[in-house]
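Subject: Structure handover

Hello,

Here is the structure I promised you. Please open it next to this email and follow along.

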Amino acid sequence: MSNPPRVAPSPSPVAQASHGERGFWRTFIFSTDHKTIAKQYLSLGIFMAFVGGYLAYVMRWQLAFPDTSIPGFGFVGPETYNAIVTNHGTIMVFFVAMPILLGSFGNFLIPLMIGARDMAFPRLNMLSFWILAVSALIILTTFFIPGGAASAGWTGYAPLSARAEYTGVNWGINLWLLAHALEFASFLMGGVNFLTTAITMRAPGMTFFRLPLVIWQLLTASVIFLLSVGPLIAAAVMLLMDRLLETSFFVPEGGGDPMLWEHLFWFFGHPEVYVILLPGLGAALEVLAVFSRKPIFGYRWIIYSTITTGVLSMIVWAHHMFVSGMDPRLVMPFSISTILISVPIALIIFSMILTLWKGSIRLTTPMLWALGFIVMFILGGLTGIVLGSAPANIQVHGTYFVVAHFHTVLLSVVIFGGFTGLYFWFPKMFGRMMNEPLGKLHFLLTLIFFNLTFFPMHAVGLAGMPRRIANPLQYEFLTAAQPLNVQITISAIGLIIAQLPFLINFAWSIVAGKKAEPNPWEAATLEWTAPSPPPHDNWGETIPTVYRGPYEYSPPGVREDYLPQDRALTARSAQEKR
Amino acid sequence: MTRMAAVSEQSAPALRGKIAIWWVIASEVMIFGGAVGSYIMARAASPGWSAEAAHLSTSLATINTFVLLTSSMTMAMAFAAYQKDDRRGVQKFLLLTILLGLAFLGIKAYEYTSHIMEGAAPWSGPFWAFYYLLTGLHALHIIAGVVVNFILLLAAGSGLSTGYRIEIAGLYWHFVDIVWIFLFPLLYLSH
C-alpha cells in the first residue's frame, strides 16, 4: 500500500486558475471565485433592497393616507399591512443588510486584504450563496401562496406566531421559518469559511495586528453570529413544532411560555445588530484613514473595543423586553450592560473623529459617505442610550420612537456604511471608476431625505403613535401627528427616488466607467496591490509579502505620502527616497 | 517568497478542516445550549414533570449511552489506524462506528415507538415536547455523522490520501457523543 502523505497535496490555485475558460455557468453562476460570489451577494442584496423598499413605500403610503388605493399596489387591509411590516423587516435585515455588509464585503475583502488567493473552502462558499438565494426565493414566494405571507412581525412573537389560527396565515409563517433556517445555515457556513480563511491563509508577514480593521470587524461579526444564532435555531425548531405538531413550547394553554421565544429571539436578535454594524463601521474606518492621509487613530484600541463590543453584545438582549413582563430584577442589569456597550462604540467613533484631526482630507464620494456615517450614527446612537435606560424605554416602548431609533442607527450603517464601502471598492470589484459628481449628488440627496424621513419619526413616536398599526387615524389623539406622517411619507418616497443617481451611476460605470488603476485611491492595504479587477487567483505568480501595518500614511522620510503593506523598505531605499 | 506562500498553501487542508470543525462545534454548542437551557428553565419553573420523566426507560438509555461511547472509541481507533497507514484497520473501525451509530438510532426508534404507542407523543405535554425536541435534534446529528462516516468509508476503499478527514469527522462524532452525555442525565436520570 502506498504511503499516504500526512498532508494531502492540494491542487495549486494558480494551476486551477490557468484552466482559464470555464464557460458561462462556471464563470458567472456557479463560480467558486470569492470575488464573483461577492458580486452575487451584492446583486442579491440590491435586488432585495428594492423589494424591501417597495414594501416600505406601501407601508408609508398607508400610514399617510389610510385606506386609499396605493399607486402600484392597491388597497391594503390590516392583514396585508401586517404581512408587509413583517416581510419589510425580515427582508431588510436578513436579505439586504447581511448579504451586502457581511456576505459581499466579507467575501470580497477577506482574501484580498489578508493576501490569500481564495477562501479556505471555495465550494462551500458557493453553496452558502446559493442556499441564501433559495432562501430569498422562498420569502418572495410566500407573497403568492394561499393565506399570504408571514404576518406575525419580523420578531415572530409567540403565541401569535405559534398557532396558524391566530394570524390566519399557515404556510406563510412555516415557509418564513424555513427561509430563516436556510439563511442561518448559509451564514453559518459563510462565517466558518471567513474565520478559517483568516486564521490559516494570511500572506507571509500578515500578522493579526497587521490586519486592516475591517477584517477584524468582519471576523468579530462572524464570531458573534456563530455564537448567537444557535438558540434561535433551536427556538425556530420549537416554533415549527408548535405549528406543525401542536406542541406547546410557546403556547400558555398547553403549559408553554411565550417569554421563552422572546428570550431566544433576542439572544440572537441583539448581537445581529452588531453583525450588521461592525462591517459597516469597518468600511468607514478604512475610508477615513485613506482620505485623511493619516494612520488610523488608536488601531489596537479599536480592535480591543471591537472585541469588547462583541462580548457585551451577547448580554444585552433583554433590553428589548423591559415591558414584556419578565422578572423586574433583570431590568437593571440589562439596562447597565446596554449603556455599557456604548463605551467601546463611542471609543471607536472617537478614534474616527481623531483620525480626521489635522489630516489632509480628500472629499471624494466614499469619504463623504464615511463622514455621513459618523454624523448619522452618532445621532442614532444617542437615542440608543435613551432606549437603553429602562425608565425612558418603558415610556416609549412599542412606539414609533423605537422605529425612528433603529432606522436612524441601522440605516446609517447599511446605507451610509454600505455605500462608503461600495463607492470605495467599486474600482477594485469592477475595474472601473464610478462617476464622482453623480456619487456626490446621490450622497447629498440621500442625506437630506434620510433625515427628513427618520427624524420626524421620533416626534411621531413621542406623540404616542404605536408601531405596527395599519391606520393611525383610528385613534383620536393621533390626528395631530398626521401632518408629520404625511411629511415622512413624502420624504420616504424622496429617499427611494434619491437612489436613482446611484443606479444610473452603478450600471453606467460597470459598462463604460473610466478604467481604474490598480490603486486609484493611493491606499496602503493589500487589495490595492492586485490588478483591478483582480484575476481569479488575485495576484498571478507571487503572493505579496507583508512588511508593515495597514495604515502607513504620510510616514516621515518617504517621498510619496503612503507606504503599501507589501513594500520592503531597507535603510538604503529609505535614504534614496529622501 | 513564493516558497513561503507555497508552504502555507500546502499545510492547509488538514489544518483548515480542523479549525473549521471547531467553529462548527462552537455554533452547535449554542444550538444545543439554547434547547437544553430552555428545557432546564422550563422544568425548574414547573415541578410536575417527574411523573412523565419516570415513563422513560433508563435501562435502554444506559445501553444506548454504552453504544455511543463505544462508537467514540472505535472512531478514535479508526484515526489511530490511519496514522499507522493501516487501510484495513480504518475500514474496519469506520464500519464499526457506523454500525454502532445505527444501533443507537435503532434503539432510539424503538423507544419513540413504544412512547407513542403508550400515547406519549410530542403534543402530549411540555415534558414530551422537550424530550422529542432534544433527542430528535440529537438523532439528526447522529444521522449526519453516520452519513459522513459512510462517505469516509467509501473514500478509504480507494486509498487514504484524504484520511486526515477521519480526525475532523471524529471531532464532530465525539461532540455528538458528548451532547448525549448531557441529555442522558437531564432526561432519563432526573425523575
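Helices and strands here are DSSP runs (H or I, at least four residues, for helices; E, at least two, for strands), numbered from the N terminus. The model is predicted, so to speak of local features we ask for a pLDDT of at least 70, side-chain atom pairs count only at pLDDT 80 or more, and totals for chains, interfaces and linings use all residues. Residues are numbered from 1 along each chain as its sequence is written, while chains are lettered from A and ligands numbered from 1 in the order in which they are written.

**Confidence**

pLDDT is the predictor's confidence in each residue, from 0 to 100. Chain A averages 92, and 95% of its residues score at least 70. Residues 1-19 of chain A stay under 50. For that stretch the model has 28 contacts beyond four places in sequence. A contact means two C-beta atoms, placed from the backbone, within 7 Å.

**Chain B**

Chain B has seven helices and zero strands. Its C-alpha trace spans about 65 × 35 × 20 Å along the principal axes. Of its 191 residues, 38% count as buried. Buried means 20 or more other C-beta atoms within 10 Å of the residue's own, exposed means 12 or fewer, and partly exposed is in between, with C-beta atoms placed from the backbone. Take the contacts in chain B with a separation of 6 or more: residues 24 or more positions apart account for 83% of them.

One residue to look at is Asp177(B), in helix α7 (residues 165-189) of chain B. Asp177(B) is buried, with 21 other C-beta atoms within 10 Å. Leaving out residues up to four places away in sequence, Asp177(B) touches Leu68(B), Leu69(B) and Ser72(B). Asn64(B) is 113 residues from Asp177(B) in sequence, yet 11 Å away in space, C-alpha to C-alpha.

**Where the chains meet**

The contact takes 39 residues from chain A and 41 residues from chain B. On the chain A side, α7 (171-200), α8 (213-244) and α9 (258-292) each give two or more residues. α8(A) gives the most, with 10 residues. By class, that side has 25 nonpolar, 12 polar and two charged residues. Here Ala, Val, Leu, Ile, Met, Phe, Trp, Tyr, Cys and Pro count as nonpolar, Asp, Glu, Lys and Arg as charged, and the others, Gly among them, as polar.

**Two helix pairs in chain A**

Axes are lines fitted to C-alpha atoms, for helices over the stretch in contact, and angles run from 0 to 180 degrees between N-to-C directions. Start with α3 (residues 34-64) and α17 (residues 482-497) of chain A. Their axes come within 8 Å and cross at roughly 160°. That makes α3(A) roughly antiparallel to α17(A). Angles over 145 degrees count as roughly antiparallel, under 35 as roughly parallel, 65 to 115 as roughly perpendicular and the rest as oblique. The residues in contact include Tyr57(A) and Trp61(A) of α3(A), and Ile488(A) and Ala492(A) of α17(A). By class, this contact has 10 nonpolar, three polar and one charged residues.

Next come α15 (residues 400-430) and α16 (residues 436-462) of chain A, which pack at an angle of about 165° with axes 7 Å apart. That makes α15(A) roughly antiparallel to α16(A). Their contact divides into 13 nonpolar, six polar and no charged residues.

Thr408(A) is found in α15 of chain A. With 25 C-beta neighbours inside 10 Å, Thr408(A) counts as buried. Beyond four places in sequence, the contacts of Thr408(A) include Met376(A), Gly380(A) and Phe454(A).

**Backbone points in chain A**

Which residues does a cis peptide bond join? Ala158(A) and Pro159(A) are one pair, with omega about 0°. Pro159(A) lies in the loop between α5 (122-141) and α6 (164-167). Ser532(A) and Pro533(A) are also joined by a cis peptide bond, with omega about -10°. Pro533(A) sits in the loop between α18 (500-512) and α19 (571-577).

Asp67(A) is not a glycine, but has a positive phi of about 55°. Asp67(A) is in the loop between α3 and α4 (78-114), and is partly exposed, with 14 C-beta neighbours inside 10 Å. Ser554(A), not a glycine either, has a positive phi of about 50°. The loop between α18 and α19 holds Ser554(A).

Best wishes
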